[in-house]
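User: Please take a close look at one strand of this model. I would like to know how it pairs and what surrounds it.

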Amino acid sequence: MSFTYASDWLKRPSSLVAARLCDVFPNGESALITRGVLNLTHLRGHSSGDIQPLQPNESYRAQLRLDSTAYTVAAGHKIRLALSSVHWPFVWPSPQASSLFIKTGSQSKLLLPIRVFCDDVRKKDSKLQLQEIESLMEYKHEILPVEWRRKPKRERTLETCQLSDEYKLSFTTDSGCFHLKDTNRIYENVRKEMFTIKEGDPTTAKVTMQGDITLKKEDQIAELGGSGHERWEARVQALSEMWCDEQFFYVKSQLTAWHNSEECFDRTWTKKIERFYV
């Protein structure tokens with residue numbers, strides 16, 4: 001898509017535009033077809049010499065390429081193009097809240113490819129067979145016997161605080177807990193992601209990610225004295241956080257390990273990164 005826009009009268013040196021192309025069903029529901037994001041300070045290129053701050057009340061011409069995809073819009077459906085200057089948490093927001101004024105008519109346009117059907121194309125399509133994709137979360141093996149102690153699951157929650165205007169989006173991916181019978185090992189893995197931001201304040205954006213992996217051996221006869229077997233457990237937790245102000249990004253990562261519930265390793269890394277119109 002190509003479009004002409006004007007920056008707002010406030011001095012906002014950086015901004016972005018996010019485009020989402022949607023299929024709107026007759027009942028009002030919609031499905032995302034594709035999307036694209038452009039940092040508007042990168043109109044000339046992505047090298048440090050090409051990046052230029054935006055000037056207030058100036059008009060710019062930009063081109064935004066949407067992600068490639070294959071999609072069929074059914075008859076009676078509508079196509080919707082949604083534009084915004086924020087697309088959190090898909091992309092980190094600009095340092096300051098900004099407004100863009102899109103000039104419509106001949107100054108902006110959306111170009112979509114159309115697949116032309118003919119007899120040759122229909123013959124090729126008829127030979128295509130779509131295979132059902134099994135869940136990647138559930139561990140399967142043709143030879144090794146597996147016993148599930150806890151089935152995999154995913155959760156997604158959105159919390160809104162009306163007093164502080166804070167939004168918290170959380171994802172939990174529980175890969176489950178399974179027992180590898182041939183080696184008598186138990187494996188479990190849980191990952192959590194949390195994205196928070198306050199309405200109207202992009203500097204409150206924060207990401208927290210935590211991953212826990214546990215590998216242990218539990219022999220029923222290990223409790224018997226002199227059996228020659230040992231029960232052991234190894235656990236690793238990785239915790240990473242990222243937040244910002246108008247000038248910098250801040251990253252903090254911590255890695256902790258336990259052996260038989262006793263902490264044996266703990267290290268923390270921190271980094272401060274200049275934003276440079278991001």
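Analyst: Two strands are said to pair if DSSP finds at least two bridges between them. Strands themselves are DSSP runs (E, at least two residues), and helices are runs of H or I of at least four residues, both numbered from the N terminus. The model is predicted: local features need pLDDT of at least 70, side-chain atom pairs count only at pLDDT 80 or more, and totals for chains, interfaces and linings use all residues. Residues are numbered from 1 along each chain as its sequence is written, and side-chain values use heavy atoms, with hydrogens and water left out.

The pLDDT, which is the predictor's confidence in each residue on a scale from 0 to 100, averages 87 over the protein chain, and 89% of the residues score at least 70. Over residues 221–228, however, the pLDDT is below 50, and this stretch has 7 contacts (heavy atoms within 4.5 Å) beyond near neighbours in sequence.

An open sheet is formed by 3 strands in the order β3-β2-β5, with antiparallel pairing. The edge strands are β3 and β5 (78–84), each of which pairs on one side only. Neighbouring strands of the sheet are turned by 15 degrees against each other on average, direction ignored; the axes are lines fitted to C-alpha atoms (for helices over the stretch in contact), and angles run from 0 to 180 degrees between N-to-C directions. Strands of a sheet pair through backbone hydrogen bonds, either parallel or antiparallel.

On one flank, β2 is joined to β3 by 9 bridges, and the two run antiparallel. A19 stands opposite G36 in β3, and V24 faces S30 of that strand. The hairpin of β2 and β3 has 5 residues between the strands, and G28 takes a positive phi near 100 degrees there. Towards β5, there are 7 bridges, again with an antiparallel run; R80 in β5 is the bridge partner of C22.

Of the 9 residues of β2, 8 are buried, so the strand is largely enclosed by the rest of the structure. Buried means under 20% relative accessible area, exposed over 50%, and partly exposed in between (1.4 Å probe, protein chains only).

One of the residues listed, Y5, touches L40, L54, Y60 and F101, among others.

At 1% relative accessibility, T41 counts as buried. The T41 side chain makes a polar contact with the side chain of N39 (2.8 Å). A polar contact is a pair of N or O atoms within 3.5 Å; within protein, one must be able to donate a hydrogen and the other to accept it, and residues adjacent in sequence count only if both atoms are side-chain atoms. Not counting residues up to four places away in sequence, T41 touches P13, S14 and S15, among others.
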